[in-house]
Amino acid sequence: MAENDEHAVGSVRAKALSKSYRLYAKPIHRLYDLVLPGKRFREFWAVRDVYLDVPKGGTVGIIGQNGAGKSTLLKLISGITMPTTGDVEVGGRVTSLIELGAGFHPEFSGRENIGLACSILGMDQAEIEEKTQPIIDFSELGEFIDRPVKTYSSGMHVRLGFSVATCVDPDILLIDEALSVGDEHFKGKCLNRLNEFSEAGGTTIFVSHDLGAVRAMCQSVVLMDAGKIVEQGTPERVADEYLKRVRAQSDSGAMNLRERGTSEYPVWGSGEIELEQVLLLGEGGEPARVFRTHEDVTVRLCYRAFTDTANPVFGVGIYRSDGTYVNGSNHLWRDRPIEFGPVGSGETGEVDYRLGRLPLLAGQYYLSTFVYDHSKPAPTAIDHREHVTTFEVMDAKAQQHGLLTLPSTWHVRRQPGDGGDEIRKDSES
Amino acid sequence: MLEILRSLRRNARLIRSFVVRDLKARYVGSTMGFFWSVVFPIINLFVFMFVFRFLLKARWDDAMGPKETGLIMLAGILVWASFAETLSRGTNCLVENSNLIQKVVFPSEILPVQLAISSIVNMLIGMPIVVIGTWIVMGNPFGWQMLALPLIIALQIVFTLGLGYFLATLNVLWRDTFHLVGVFTTVWMFATPIFYPASLIENFTIAKGDTKEEGYWAFGWMLDVNPMHWVIDSWRRVLLYGEWPEALALGRLAVVGVILFAIGATFFMRQKRTFPDLL
């Protein structure tokens with residue numbers, strides 16, 4: 001690829017790029033195909049007809065769901081696999097942060113592995129010697145650099161891999177989302193390194209299914225689906241299309257509790273009333289599993305009563321996937337409470353819990369539902385279900401970080417040193 | 001085939017560091033280090049000597065005592081071990097290094113070469129035992145014949161590589177290859193005059209029936225189709241008998257080796273683009 005001189009260094013251009021894999025029912029069929037006429041395989045197009053033009057110094061994000069062909073595209077650009085049809089022109093040295101430290105030999109020291117990795121990249125002895133020290137310095141491995149790589153912790157392994165990939169003066173850097181480089185200190189160093197690389201005119205191609213991460217890094221985003229590029233442009237525009245597609249593909253937000261059989265999460269209660277279905281409704285009342293921040297979301301609880309009950313109370317708890325209890329509420333403990341009143345046997349109905357502007361930021365969440373009898377001094381469980389259903393929140397704007405958006409504004413007041421007028425600036429929410 | 005040779009030249013440095021890495025990896029962590037290159041064939045030798053000479057009472061030649069027989073066997077064992085190791089590891093080399101082939105842009109054609117060179121070096125570490133032993137036991141002086149060794153080694157490498165490229169590629173497409181090679185290598189070893197003299201097989205016959213009129217199965221042809229016999233015979237002539245190797249054997253070896261190499265290398269390069277997808 002380095003020989004490809006007529007092509008501008010640092011740019012990537014794919015023309016009608018396609019990659020198909022041949023899926024054989026039995027491995028031996030592959031051999032038959034080699035010597036006998038006929039075809040015994042099924043074709044699977046992982047990447048189909050992709051046109052991509054990344055100029056030198058560009059930072060392009062590729063997003064898409066699992067299996068959309070992002071990783072195959074990266075492999076094609078890096079030259080690890082060959083395209084089935086079409087071609088990809090890559091100017092200059094490509095290093096990838098796809099799998100950090102792949103190809104290190106466990107028995108050899110870090111220093112020896114640096115030498116090997118560099119010679120795989122085609123460097124001569126002088127160049128290797130020149131690069132080795134910066135790589136060691138950046139990796140912060142210290143005396144460990146002369147110990148066998150098999151004694152390294154996974155964090156050290158990754159640090160060495162990252163250092164090698166970025167210290168060898170690549171023209172193009174390919175980054176996979178799975179990039180986790182260990183502790184916070186080193187992560188910061190890595191981000192600095194990537195920024196320096198970008199500012200120095202390096203070309204970055206970044207693959208992820210996390211909108212926020214792509215948005216933070218990339219000026220331009222490409223959306224892939226089923227091997228094809230379906231949208232490209234500014235992060236905002238592509239993010240919108242992405243959300244639409246994710247929602248269209250995900251299963252509906254209905255969780256039928258009766259069919260679920262035995263739950264893997266705790267369920268308890270006296271059972272006079274049972275929830276039959278929990279529905280998650282997005283804007284427009286469509287069942288969904290993926291929502292965006294600030295969307296109008298409704299949780300619908302469909303119940304059936306088996307025995308007379310004096311005064312049931314329905315509640316919902318929201319948790320982040322790591323178990324953080326985000327919020328819990330019911331319709332009784334309100335400024336203007338709803339008193340349910342007596343429920344007769346055989347009655348069915350729906351209780352809606354509406355979040356007019358979902359304040360959750362990007363992440364995975366789950367719901368628990370509670371039906372309690374408040375007619376006694378201490379409420380007792382009628383139907384308490386943990387972890388009833390999960391949902392995902394995507395935040396196309398990625399303006400705030402953490403768990404929740406907080407309604408807030410920013411204000412700046414500056415007093416210039418030369419005695420000029422005070423400067424005031426205020427942000428929108 | 002030319003493509004592969006160009007690539008090997010371009011990656012000469014890389015091959016060197018891989019050979020060094022492989023030689024080191026053999027002994028890194030072992031206390032006896034390179035000594036194993038010598039110990040292993042010698043232990044093999046004792047096992048076979050014990051079985052063939054003492055248990056089965058096989059004689060190499062009436063004129064030869066145990067020491068001479070031992071040296072002749074040892075030369076054969078060293079050459080065969082190097083060949084068999086390259087064959088077995090070469091067949092599996094792409095599968096074994098799948099992390100390199102799938103994760104980085106890597107010239108996979110250097111792998112069989114690296115293995116062949118590494119095993120030859122390993123063999124050469126053991127060879128001085130034969131040379132010194134011959135000098136002590138038989139008193140044969142070192143002759144000009146030694147000059148033929150580089151040629152023998154080169155032809156041995158070309159022949160081994162041809163097979164290696166072919167089998168490595170086949171093994172990616174069909175993993176049973178590796179197991180078949182294991183079985184086949186054992187059969188091949190005993191079909192090659194390593195532990196018995198070639199004359200034994202030349203004169204060996206099995207009667208087709210009970211009477212002489214029905215004729216015999218002869219086995220002499222087996223030596224005419226076995227390139228490893230030519231290789232080992234050449235080594236023995238040079239190291240033990242102080243003779244030049246047979247020109248006919250080397251000529252045949254060269255022809256067979258180059259043809260095999262051309263076939264293997266072409267097959268390898270044709271299939272190379274599919275390796276990352278198949279591993």
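## Working through the two chains

**Exercise 1.** Leaving aside its neighbours within four places in sequence, which residues is Leu160(A) in contact with?

*Solution.* Step one: skip the neighbours within four places in sequence, and you're left with Gly101(A), Gly110(A), Ser139(A) and Leu141(A) as the contacts of Leu160(A). Contact here means that the C-beta atoms of two residues, placed from the backbone, lie within 7 Å. Before going on, a word on the model: it's predicted, so local features need pLDDT of at least 70 and side-chain atom pairs count only at pLDDT 80 or more, while totals for chains, interfaces and linings use all residues. Residues are numbered from 1 along each chain as its sequence is written, and chains are lettered from A and ligands numbered from 1 in the order in which they are written.

Leu160(A) sits in helix 5 of chain A; helices (H or I, at least four residues) and strands (E, at least two) are DSSP runs, numbered from the N terminus.

Step three: check burial. A residue is buried if 20 or more other C-beta atoms lie within 10 Å of its own, exposed if 12 or fewer, and partly exposed in between, with C-beta atoms placed from the backbone. Leu160(A) has 28 of them within 10 Å, so it's buried.

Step four: look along the chain. Between Leu160(A) and Gly271(A) there are 111 residues in sequence and 58 Å in space, C-alpha to C-alpha.

**Exercise 2.** Find the largest nonpolar core and say which residues have the most contacts inside it.

*Solution.* Start with the term: a nonpolar core is a set of buried Ala, Val, Leu, Ile, Met, Phe, Trp, Tyr and Cys residues joined through C-beta atoms within 7 Å. The largest one has 98 residues, and Ile77(A), Leu174(A) and Ile205(A) have the most contacts inside it. Helix 5 (residues 154-167) of chain A gives the largest share of this core, seven residues. Domain 1 (12-247) and domain 2 (254-394) of chain A both contribute residues, so the core lies between them. Apart from this core there's another, of 67 residues, including Leu78(B), Ile110(B), Ala116(B) and Val238(B).

Now zoom in on Ile77(A): beyond its neighbours within four places in sequence, its contacts are Val12(A), Val88(A), Val90(A), Val94(A), Leu174(A) and Ile205(A). As background, nonpolar side chains tend to be buried together in soluble globular proteins.

**Exercise 3.** How many residues of domain 1 of chain A are in contact with domain 2 of chain A?

*Solution.* First, the bounds: chain A splits into domain 1 (12-247) and domain 2 (254-394), and such bounds come from an automatic or database domain assignment. Their centres, taken over C-alpha atoms, are 43 Å apart. Five residues of domain 1 of chain A touch five residues of domain 2 of chain A. On the domain 1 side, helix 7 (211-217) and helix 8 (235-249) of chain A each supply at least two residues, and the largest share, three residues, is from helix 8 of chain A.

**Exercise 4.** Describe where chain A meets chain B.

*Solution.* Count first: 22 residues of chain A are in contact with 19 residues of chain B. On the chain A side, the elements giving two or more residues are helix 1 (27-35) and helix 3 (110-120) of chain A. Helix 1 of chain A gives the largest share, five residues. By class, the chain A side has twelve nonpolar, seven polar and three charged residues. For the classes, Ala, Val, Leu, Ile, Met, Phe, Trp, Tyr, Cys and Pro count as nonpolar, Asp, Glu, Lys and Arg as charged, and the others, Gly among them, as polar.

Then pick out Leu173(B), which is in helix 7 of chain B. Leaving aside neighbours within four places in sequence, Leu173(B) is in contact with Arg30(A), Leu31(A) and Leu34(A). With 18 C-beta neighbours inside 10 Å, Leu173(B) counts as partly exposed.

**Exercise 5.** Ala16(A) and His387(A) aren't glycines; what is the phi of Ala16(A), and what is the phi of His387(A)?

*Solution.* Take Ala16(A): its phi is positive, about 45 degrees, and the residue lies in strand 1 (residues 12-24) of chain A. Ala16(A) has 13 C-beta neighbours inside 10 Å, so it's partly exposed. Next, His387(A) has a positive phi of about 55 degrees and lies in strand 19 (residues 380-394) of chain A. With 17 other C-beta atoms within 10 Å, His387(A) is partly exposed.
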